[in-house]
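Dear colleague,

Please find below the structure that I am handing over to you. My findings follow directly after it, and I would be grateful if you read them alongside the coordinates.

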Amino acid sequence: MINEKKLDKDLKRVMPSLKEARIRRNKEVETINFQIDPKYINLGKDKTYFIYTYGCQGNEADSEIMAGILEAIGYKHSEDPLLADIVLLNTCAIRENAEQRIWGVLGQLKGRKRNNPDLLIGICGCMPQEENATNKLLESYPFVDIIFGTHNRGNLPKLIFDAYLSKATVVEVISGEGNILENTPKVRESKTKAWVHIMYGCDEFCTYCIVPYTRGKERSRAKEDIINEVNELVKEGYIEVTLLGQNVNAYGKDLGNGEYTFGDLLFDIDKTGIERVRFTSPHPRDMDDRAMEAMAKCKSVMPHLHFPVQSGNDRVLKIMNRKYTREIYLEKIKKLKELVPGISITTDIIVGYPGETYEEFKDTVSLVEEAEFEGAFTFIFSPREGTPAFSMEDPISLEEKHKWFDELVEHTNKGYLNGHEKFIGKIVKVLVDGESKSGDGMLCGYSEHNKLTHFKSDDLSLVGKIVNVKVTEAKTWFMIGELCE
Ligand code: SF4
């Protein structure tokens, strides 16, 4: 069902509905072959675009698709956002501070719009899927020209066309379960590393998370489409792919009889000849034996796993609706370490969940030690309206949560350092990304275990290649080494 509001006689707004977004129907997912209506083909002629991207790798991949669509209708990329004719903000809704940044950027864009009324401003991504955010945009930021959701990307040419004709904000935010859009053009940021979506949406409904509402139901791309994409990337000289999905290892559950799993897909991707495969983010519950076997046997699958645990306490995991226990999580890690010796495991942790006690928090600290994580993204709980956790009782003060957070970070930082120290004296294979930010004649890139590695060299021809580096020094956030002949 589409929630429509009449705007004027020609234009209707399609508004988001969190109630609608919560529904999961048992109907087949539609795969749509993306095409551009010829009437939009020159819409961007002699005009430029700029896309601001916030949030996860999924959003980065989505921005590459939107850039592809914009270029297909004639727009050219502007290096300078201040000179662009259309500016898109691809937003994130996972935490409140992600949204705060958007309000800040919009404040700056307001002045630009005043000086240049022809500038088009569009807001897309997860934020518009929230009713309150879209209502706030319409009420407080009327200079925004287009608001569209995660399921409406394919309609971008028409939305731009409508925005050029309309004085009012064009809104199209469908809250359904979503479809699969194939054959979209893409402008990839890198010539060596590529994002490849293998599935979309999430059906887990962890009680703190807005993603199942903003991204729709779990829907897997056909394996043939994924393999074809990776084959094309190999032909174009790409070295690494990162397989993307909100719940990446639930891949295949919604296809046919569910017999072809994420692990099977890893085995098939390995046969394409791509050198490196990474994936994000897996759910511990869906990490099955076949996926672990693929991680052990496929040469291309890198020995690093980002494995979000969120908490080390069973009661907290239960109220988070994570569907595993501390014991099950640790068992899976143990098995993985046996199958993939030396594997580096990193995680996500939420501190100060509603109702969490200090003793329960200490279980998370002890799990960090026991699991020997080599890195963690740690967050203080951020309530998201529309999720069950938003209305849970939360007696612990923010100040107290900050103290817990600092205590946890001491342990996770130690893990980062330990993870780097174990490579001292060893030779690691680094895929070179470019010059180090420090700019002192150093290049940098990531090792197979996903460790950021810097080494002395000014030979830019190494960018995009895999080189051997002997690690000489370990820091908390990176390793330093010497280029080997
Ligand atoms: S599995 Fe991940 S994306 Fe899905 S609801 Fe849980 S935290 Fe959100």
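In this predicted model, K323 is partly exposed, because 15 other C-beta atoms lie within 10 Å, whereas a buried residue would need 20 or more. The residue belongs to the loop between α10 (314–319) and α11 (326–339). Its backbone deserves a look: K323 is not a glycine, yet its phi is positive, at about 65 degrees.

N450 shows a positive phi of about 65 degrees as well, and it is not a glycine either. This residue is located in the loop between β20 (442–447) and β21 (452–456). N450 counts as partly exposed because it has 17 other C-beta atoms within 10 Å.

A further backbone feature concerns the peptide bond from T280 to S281, which is cis, with omega near -10 degrees. S281 is part of the loop between β15 (276–280) and α9 (289–297). I would ask you to inspect each of them in the model.

With 14 residues, α11 reaches 20 Å from its first C-alpha to its last, close to the 20 Å expected at 1.5 Å a residue. Which residues of α11 are buried? They are R326, Y329, K332, I333 and L336. These residues lie on the same side of α11, because the arc they cover around the axis is only 135 degrees. On the face turned away from the buried side, α11 carries the exposed residues E327, E331, K334 and E338.

The parallel pairing of β17 with β18 runs over 5 bridges, and D348 stands opposite F377 in β18.

Finally, some figures for the protein chain as a whole. The chain has 13 helices and 23 strands. Its C-alpha trace spans about 70 × 55 × 50 Å along the principal axes. The radius of gyration is 23 Å, which agrees with the value near 23 Å that a compact globule of 485 residues would have. Of the 485 residues, 41% are buried. Among contacts with a separation of 6 or more, 75% are between residues 24 or more positions apart.

With kind regards

Notes: Residues numbered from 1 in each chain as written. Predicted model: local features only at pLDDT ≥ 70, side-chain atom pairs only at ≥ 80, totals over all residues. Helix = DSSP H or I, 4+ residues; strand = E, 2+ residues; numbered from the N terminus. Buried ≥ 20, exposed ≤ 12 C-beta atoms within 10 Å, placed from the backbone. Expected span 1.5 Å × (residues − 1). Arc of directions from axis to C-beta. Pairing = 2+ DSSP bridges. Rg over C-alpha atoms; globule rule 2.2 N^0.38 Å. Contact = placed C-beta atoms within 7 Å.
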